[in-house]
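Open the model in your viewer and keep the selection tool at hand. The tour goes from the whole chain to single residues.

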Amino acid sequence: MKKLILITILLCTVGLAFSQESNKKPYKLIMGARVNPLVIYDFDGNRNEAVRLHGEIGLMWNKKWYFSAGYTPFMNSIYTFNEYWFIGMDKKIPVSFVASAEYMADNDKFILQGGPNIKLKYGNVFAFLFTPADKVDWGLKVGAFIPLNVILKERK
């Protein structure tokens with residue numbers, strides 16, 4: 001059931017993003033990888049450090065919305081990463097709010113997470129609250145995304 005929910009979310013997200021292409025607003029179709037150093041805290045006092053690599057394809061349109069789907073090999077997980085830039089890319093320090101869902105196949109876990117994301121010159125820094133979908137058990141991820149992307153298609 002969890003796999004079906006995640007696949008449905010991914011398809012709806014990607015479908016919604018591509019349907020926006022028809023309204024002649026600017027967009028970028030982006031593919032690449034992200035290096036993701038992070039620290040994970042649970043609220044039982046445990047702390048873990050990790051560096052993850054993600055492969056991703058995404059669509060940013062109107063310089064406000066970014067929707068993507070990706071894969072994290074080390075975790076054997078697929079995810080959707082959705083954000084809204086409420087302080088836009090034309091500002092000195094752009095800030096977005098992220099909502100993300102991830103399915104970890106090896107553990108059969110479905111994780112929900114979200115929080116602020118700040119764009120800097122060579123990457124992004126973030127702080128996300130997260131919890132398994134089946135049992136609320138909050139944690140905090142603090143880290144960075146270092147993008148290694150190419151633009152496949154763009155309309156300005």
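Among contacts in the protein chain between residues at least 6 apart in sequence, what percentage join residues at least 24 apart? The figure is 43%, with a contact meaning heavy atoms within 4.5 Å.

**Before you select**

This is a predicted model, in which local features need pLDDT of at least 70 and side-chain atom pairs count only at pLDDT 80 or more, while totals for chains, interfaces and linings use all residues. Residues are numbered from 1 along each chain as its sequence is written, and side-chain values use heavy atoms, with hydrogens and water left out.

**Stop 1: the whole chain**

Show the cartoon. You have one helix and eight strands, in the order α-β-β-β-β-β-β-β-β. Helices (H or I, at least four residues) and strands (E, at least two) are DSSP runs, numbered from the N terminus.

Now colour by pLDDT, the predictor's confidence in each residue, from 0 to 100. The chain mean is 88, and 85% of residues reach 70 or more. Select helix 1 (residues 2-19): its mean pLDDT of 61 is the lowest among the elements. Strand 7 has the highest, 96.

Switch to accessibility. Of the 156 residues, 38% count as buried. Buried means under 20% relative accessible area, exposed over 50%, and partly exposed in between (1.4 Å probe, protein chains only).

**Stop 2: the nonpolar cores**

Select Tyr66, Phe81, Phe126, Phe128 and Phe145. These have the most contacts inside the largest nonpolar core, which has 16 residues. Strands 1, 4, 5 and 7 each supply at least two residues of this core. A nonpolar core is a set of buried Ala, Val, Leu, Ile, Met, Phe, Trp, Tyr and Cys residues joined through side-chain atoms within 4.5 Å.

Next, pick Tyr27, Leu29, Leu59 and Trp61. They are included in a second, separate core of five residues.

Go back to Phe81 and display its surroundings. Leaving aside neighbours within four places in sequence, its contacts include Arg34, Glu56, Tyr66, Phe128 and Phe145.

**Stop 3: the cavity**

How many cavities of 30 Å³ or more does a search of the whole structure find? It finds one. The largest cavity holds about 170 Å³ of space. On a 1 Å grid over the protein atoms alone, a cavity is a set of points where a 1.4 Å probe fits but cannot get out; lining residues have an atom within 4 Å of a point. Points are joined across faces, edges and corners, and the volume is the space filled by probe spheres set on them.

Select Asn36, His54, Gln113, Lys141 and Phe145, which lie nearest its centre among 16 lining residues. Strand 1 (27-42), strand 2 (47-61), strand 4 (77-87), strand 5 (95-104), strand 7 (123-132) and strand 8 each supply at least two lining residues.

Colour the lining by class: six nonpolar, five polar and five charged residues. Here Ala, Val, Leu, Ile, Met, Phe, Trp, Tyr, Cys and Pro count as nonpolar, Asp, Glu, Lys and Arg as charged, and the others, Gly among them, as polar.

**Stop 4: two loop asparagines**

Select Asn62, in the loop between strand 2 and strand 3 (65-72). Its phi is positive, near 55 degrees. Asn62 is partly exposed, at 32% relative accessibility.

Move to Asn76, in the loop between strand 3 and strand 4. Its phi is about 45 degrees, positive although Asn76 is not a glycine. Asn76 is partly exposed at 23%.

**Stop 5: Glu154**

Finish in strand 8 (residues 139-155), where Glu154 is found. Glu154 is partly exposed, at 36%. Beyond residues up to four places away in sequence, Glu154 touches Tyr27 and Lys28.

Notes:
1 Å grid on protein atoms, 1.4 Å probe; cavity = no way out; pocket = protein on both sides within 12 Å on 5 of 7 lines; lining within 4 Å.
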